[in-house]
Amino acid sequence: MDYLIALLFLAFLSRFTMALNAGADFDSYGHLCFIKEVKRQKIGPFGKIKINVVEGEDLRAPFVWHWIVGLFSYEKTLLTQRWINPTLDALYAIVIFLFS
C-alpha cells in the first residue's frame with residue numbers, strides 16, 4: 001500500500017511542478033471557449049455547438065468534460081486548472097499501475 005501512496009505522490013508532483021508556473025495558453029482558452037458555448041447554448045454532453053468564429057460550422061464532439069467543468073464558474077476553473085490535470089493524471093497512473 002505504501003508504494004501506491006508513493007506512486008500517487010510522485011505522479012502528482014511530477015505533473016504539478018510542470019504546471020506550477022504555467023499560465024493559461026491557447027489550448028486552455030480553446031477549452032474554456034467550448035465550456036462557455038456548451039453552457040450558453042444549453043446542450044448536453046453529446047450535442048453540437050456553433051462556435052462564433054468566421055466561417056464557423058457546427059462542431060460535434062463529446063463535450064462531456066466541458067459540460068462537467070461548465071457546472072463550475074469560469075473564474076474558479078481558471079484558478080483550479082493547475083490542480084485538475086495533475087490530480088487526474090496521478091489517479092490515472094494509479095489505475096494503470098493496478099491493472100498492469
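1. A residue is called buried here when its relative accessible area is under 20%, exposed when that area is over 50%, and partly exposed in between, with a 1.4 Å probe and protein chains only. The model is a predicted one, in which local features need pLDDT of at least 70 and side-chain atom pairs count only at pLDDT 80 or more, while totals for chains, interfaces and linings use all residues. Residues are numbered from 1 along each chain as its sequence is written, and side-chain values use heavy atoms, with hydrogens and water left out.

2. Helix α2 covers residues 26-40, and its 15 residues should span 21 Å at 1.5 Å a residue, which agrees with the 21 Å between its end C-alpha atoms; the expected span is 1.5 Å times one less than the number of residues. Helices (H or I, at least four residues) and strands (E, at least two) are DSSP runs numbered from the N terminus. Just after α2, lysine 42 has a positive phi of about 50°.

3. On the buried side of the account, α2 contributes Ser28, Leu32, Ile35, Glu37 and Val38. These buried residues pack against β1 (48-50), α3 (64-69) and α4 (74-99), where contact means heavy atoms within 4.5 Å.

4. Val38 also belongs to the largest nonpolar core, whose five residues include Ile43, Ile49, Ile51 and Phe63 as well; such a core is a set of buried Ala, Val, Leu, Ile, Met, Phe, Trp, Tyr and Cys residues joined through side-chain atoms within 4.5 Å. Leaving aside residues up to four places away in sequence, phenylalanine 63 touches Phe34, Val38, Ile43, Pro45, Gly47 and Ile49.

5. Counting a salt bridge as a side-chain nitrogen of Lys or Arg within 4 Å of a carboxyl oxygen of Asp or Glu, the model holds three salt bridges. In one of them, arginine 15 meets aspartate 89 at 2.4 Å, N to O, and this pair links distant parts of the chain, 74 residues apart, from helix α1 (residues 2-19) to helix α4. Arginine 15 is partly exposed at 29%, and aspartate 89 is likewise partly exposed at 30%.

6. Within α2, arginine 40 and glutamate 37 form a salt bridge at 2.7 Å, N to O, and the two lie three residues apart, about one turn of the helix. Glutamate 37 is buried at 5% relative accessible area, whereas arginine 40 is partly exposed at 48%.

7. Lysine 48 and aspartate 58 form a salt bridge with their closest N and O atoms 3.7 Å apart. Because lysine 48 lies in strand β1 and aspartate 58 in strand β2 (residues 58-60), the pair ties together parts that are ten residues apart in sequence.
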